[in-house]
Amino acid sequence: MKYKRVERQYAQAFRRYIFEGLILILTIFCSYSAPGQDSRQKATVRGTVTDIRTGETLAGASVFAKGTSSGVISDDRGKYILPLDRGKYTICAAFIGYETVEFPVELNAAQTLDIQLKPNVQELETVTVFGRDRDANVSSVNMGVERMSIREIQRLPVLMGEVDVLKAIQLLPGVQATAEGGSGFSVRGGSPDQNLILLDNTTVYNASHLLGFFSVFNNDVVSGLELFKGDLPLKYGGRLSSLLSVETKSDNPQGFHGTGGVGLISARLMLEGNLGERTSWLIGGRRSYADIFLALAKDEALRHSSVYFYDMNVKLSHRLSAKDRIELGGYYGRDMFAAEVGQFDYGNATASLTWKHTFSPKWFSRVSVNTSSYGYGLGSDMENMEAYWNAGIFDVAFKADFDTRINGLWNLNYGISSTLHRFSPGHVSVEGYPDYEVQGSSALEHAVYLSNEQKLSKRLTFRYGLRWSVFQNLGKIIIFNYDGSHNVRDSTRYSGGIYNAYGRLEPRAGGVFLIDGSSSVKANYARNVQFIQLAENSSAGSPVNIWFPASPNIKPQTVDMFSAGYFRNFKNNMYETSVEMYYKKLHGVIDFAEHAELLLNQYLEGDVRIGTGNAYGIEFMARKNSGRLTGFVNYTLSRSERTIPEINNGKTYLAPYDKTHAINIALNYDFSRKLNVSATWVFASGTPTTYPTGRFEVDGAYFPIYSGRNEYRRPAYHRLDLSLNYIPKPDSKKRWQGEWNVSLYNAYGRKNPWLITYSQVKTATPTSDMVYLFRFVPSVTYNFKF
């Protein structure tokens, strides 16, 4: 009866909070639902400016009414809003390096006019096209935000011939790879599960292929990415460290087009086109074919083995009216590893349905339903006994986001979201034996948020807001209760409904002060909350790690982050420089007891240890945006620590992804329109590790004596990558165009440690052996488009 009463109280509280949140949003709506007399006399033209060939949005394009003084500049997403009196106009659009276009418009009401610009081939040799406002790093309120266009990413050296979004962001300040050649990344000392990864606003739980050597993002369908290092937009939550948002192409192509590439171990193809004037479609796929070469091996076991991945992206966009657009997108990918004794597979599937609506020239909405699933399976057939093990996580989410621009003092963003999580930690079936299953669980995660950006003067702008998040455990389940020694004391059985809930406030605020037209100072504060986390015992990452939720035994993790920085551009924004400092205070940080069993463990929560953490650092960045030589150099000095009473005797120890020093250099040089070369060099301090420092003997058996938790470091990591791109006929007017990419990964053959093993059998002092993955890895890829 006690638990039923608590359940009812939580349900009543949640309904009250949601009702109050909806009343707040409706109040905002009503306060702006009655336009004044000026609004009725005016109308607007709005839309998006894009490149007609690539579909990429163009920031900084001029859109104006010919013969008038009315004109605007497209924003960092290529969007523009041009208010005009009602009447007949000629709308012009111009952008450096593109041909100017004109459109006759009779304006009696608000209209949508999407503009596609054609590159001016004669000017391209001396023009650089930017994917955002050139001074955005100085003038915007955002801090810790990194943006990369697909053009920038495609110019970087590649591993195994495949352009990779995740390896590109590992070159950014404050971002570190978690393992050699892998797609996992740590942001400002956080763990990989503290990064929220979105593909078209849908969560991706494991963004890797082939154990991390490739990512799930096909560069042919991606339009660009944004990385927020801590100060997340209020519409997003659920992670402590960062948000990586990857968007696929969504603009209408002109006719039928395709792009693709063929490399040494993988190939890809993307096709896109339109169905009439209102509907466009896109489909892209990839497959690796290393398994084809295994069939040629001399070893019979290898000939019967298989290693490959495949994935597919689809997207359908339809413009219902000048004010409404719907988009249906999906992703499916799978990795397969098979041998004579068994097989292993894992993969993601996502789907999203999005409705974008314009209520008025200053009021927009985006409503979506999203699903995401990740799962893996292991099967074996040894000694005529079949066994299979599978686990995973599944989400279905509803999101409604609104944007209201009233004036310089009121630029509101607000909305709600709700997500159903289903966790499946593991199910094992063995022929001839009863099935074994770690009980699964379900949870609801809700949020209501409101933020505002105020421009108080030409130099001073503030952004502030509040997010309220609720997490509810629900369903039929047995919760184990633990004593002070983490032994099971008893258990509580719940028959269904909501049996536990947490509510957390997440305030976030920031400001920018423009010192002059080319420099500024910024500061912000953010609180983030995380309700689900990953159980992992290897810094290299593994597809068989499992997600588990906050519960009556495990409270949500929180972080309070403070940051400040100075930003300065030179020579009309050709050069960008910045210095950012940050400090993070973490509460409810999760780690695991020594020798904890993380897989198929019914009592996993008993192995969880909880404490606090600190992370702080300073990041320096310098970037050159235009000219024959472009690129960036950055340096990060940082430290990340944890203090957990029951680990390391309560002494503070280094977090697993702490790296004191990190340097990244990425350069690209255009010799001509036919030939360009690029190079990247990375250096990072070795990650913390725990070494055996001695041994003891019991009845002839030797056991290791370990140092304190993460008391030592692995050797420093450094690597040079080189790449050459050759376009045989850059001015060809033929429909088919091709280019060659030749890359060399780890050009000077550095043996960077991937795994370190220890032996204590023959010597009194433990000895170690280093396992490394790559020395020289050349690749050749032929890319094409038509």
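This tour moves through a few backbone and salt-bridge sites, telling you what to select at each stop.

The model is predicted, so local features are taken at pLDDT of at least 70 and side-chain atom pairs only at pLDDT 80 or more, while totals for chains, interfaces and linings use all residues. Residues are numbered from 1 along each chain as its sequence is written, and side-chain values use heavy atoms, with hydrogens and water left out.

**Stop 1: Arg188**

Select Arg188 and look at its backbone: phi is positive, about 50°, although this residue is not a glycine. Most residues other than glycine have a negative phi. Arg188 sits in the loop between β11 (185–187) and β12 (195–199); strands here are DSSP runs of E, at least two residues long, numbered from the N terminus. Is Arg188 buried or exposed? Its relative accessibility is 4%, so Arg188 counts as buried (buried means under 20% relative accessible area, exposed over 50%, partly exposed in between, with a 1.4 Å probe and protein chains only).

A salt bridge here is a side-chain nitrogen of Lys or Arg within 4 Å of a carboxyl oxygen of Asp or Glu.

**Stop 2: Asn649**

Now go to the loop between β37 (629–643) and β38 (653–654), where you will find Asn649. Asn649 also has a positive phi, about 55°, without being a glycine. With a relative accessible area of 73%, Asn649 is exposed.

**Stop 3: salt bridges, pair by pair**

How many salt bridges does a search of the whole structure find? The search finds 31.

- Glu641 and Arg639: their closest N and O atoms are 2.7 Å apart. Glu641 is buried at 16% relative accessible area, and Arg639 is partly exposed at 34%.
- Arg405 and Asp403: their side chains meet at 3.5 Å, N to O. Arg405 is partly exposed at 34% relative accessibility, whereas Asp403 is buried at 18%.
- Arg673 and Asp731: the closest N and O atoms of this salt bridge are 2.2 Å apart. The pair links distant parts of the chain, 58 residues apart: Arg673 is in the loop between β39 (661–670) and β40 (675–684), and Asp731 in the loop between β45 (717–726) and β46 (737–745). Arg673 is partly exposed at 27% relative accessibility, and Asp731 is partly exposed at 48% relative accessible area.

Key
Helices (H or I, at least four residues) and strands (E, at least two) are DSSP runs, numbered from the N terminus.
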